[in-house]
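Q: I'm new to this one. Could you walk me through how to read it?

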Amino acid sequence: MKTAIACLIALGCGAAHAAFPEQPINLVVPFPAGAGTDLTARTIAACMQTKIAGARFVVLNKPGAAGDIALSYLAHAEPNGYTIGIVNTPGIVSLPIERKRNYSLESFDFIANLVEDPGTLSVHADSPIHDVAQLIAAARQAPGSITVGTQGIGSAGHISALLIEQAAGVRITPVPFQGASPASVALLGKVIDSSMANLGEALTFARGNPWRIVGVMSEQRSPEAPEVPTFKEAGYAVYSGSMRGLAAPRGLPAPVMQTLADAVEQCNQDPAYLERARSSFQPLRYLKRDEYVSRLKTLDTQLRQLWKTNPWLL
C-alpha cells in the first residue's frame, strides 16, 4: 500500500514538473503575414523548433491598431511560456505613452532582441521623386500634399514621418494602415505618394515591383542596400527604424525563460538561420535580455520627451 502511494506521489510530482514544452508554443505577431515582422517571427520560430526538444511553434498573426491588439493579448496571456510574441519598437514603448493602455513595458518579460532594421521612405517607380532632396522640395512647395503610408499613430513609420518634418521644417500627411504590407499595396496602386517601411520590408517589396527606395534612416548606408543614400547625406539627421525582439507576459518561470533564451542564442550561432535571415533582408542584431531591456528603457525616455514637444500626439 505504501509503495502504491509512493508511486502515485512520484507520478504526481513528475506531472507537476514536466519538462517544457508539453504543448505548442504560440508566437504572436502584431502585423499581417508577409510583413517584415512576420518574416522575422517565422524565421526564428523555424530555428528555435530545432533547438528545444519536442518544441512546435505556431505563428499567430494579430494585426491592427499599430500592434496594440497583439501587445494587449500578449500582456494578458498566461505567463507559462506557451504564449510569447514578437514586439517591435517604437510601438512597445510608444503606445503606452501615446494613450492609456492596459499594459506597459513592465507588463512583459523580454527574452532577446533579434533584428534592428532602419527605416526607409519609398515611392512608386513612376514618381517624379528620385531622392530625398526632391521629396523635401515637393513637401515644402505644397505643405501637406505629400502622403506617406505608415503603420498607425505611434508606429515606427509615423515617428519617422514626424522626424522628417522636424528635421526639414516641412509638413507631410501620414496615412495609417494595419501594417507595411497593406501600405505597400497602396503605394504600388498609387493610392499614396510614398510609404514608410523598414529596410528589410522595402527590399522585399521592391523585388519585381515598380518600387524606388528614396533614402534610409541610418547613420551610414546599409550593407544590405549600399546603393541607397541616407537622409543624413541629403543634410537631414533623421535616424529611425525598428528593433524586433521576443517577449512574454510578465512572470515567466525562470527555467522556461532560460530555455527560450538559450534557443535564441543557439540560433544566432546557426549558419542556416544566419543565411536565411541574410537572404530575406533581415538585419540581425542579437541582444541578450539585459542589454535589450536597457535599450528599451533609453527609447522610453527619448519618446516621452518627443511626445512632450508634440502634445497633439497624446
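This is a predicted model: local features need pLDDT of at least 70, side-chain atom pairs count only at pLDDT 80 or more; totals for chains, interfaces and linings use all residues.

Q: Is T120 buried or exposed?

A: Buried means under 20% relative accessible area, exposed over 50%, partly exposed in between (1.4 Å probe, protein chains only). T120 has a relative accessible area of 0%, so T120 counts as buried.

Q: Which residues is T120 in contact with?

A: Contact means heavy atoms within 4.5 Å. Setting aside neighbours within four places in sequence, T120 has contacts including S195, A197, I213 and M217. As for A197, its backbone oxygen is 2.7 Å from a polar atom of T120's side chain.

Q: What is the volume of the largest pocket?

A: On a 1 Å grid over the protein atoms alone, a pocket is an open set of points where a 1.4 Å probe fits, with protein on both sides within 12 Å along at least five of seven lines; lining residues have an atom within 4 Å of a point. Grid points are joined across faces, edges and corners, and a volume is the space filled by probe spheres set on the points. The largest pocket comes to about 660 Å³. It has 27 lining residues, and E116, Y239, S240, G241 and R295 are the closest to its centre. Helix α11 supplies the largest share of that lining, 6 residues.

Terms used
Residues are numbered from 1 along each chain as its sequence is written. Side-chain values use heavy atoms; hydrogens and water are left out. Helices (H or I, at least four residues) and strands (E, at least two) are DSSP runs, numbered from the N terminus. A polar contact is a pair of N or O atoms within 3.5 Å; within protein, one must be able to donate a hydrogen and the other to accept it, and residues adjacent in sequence count only if both atoms are side-chain atoms.
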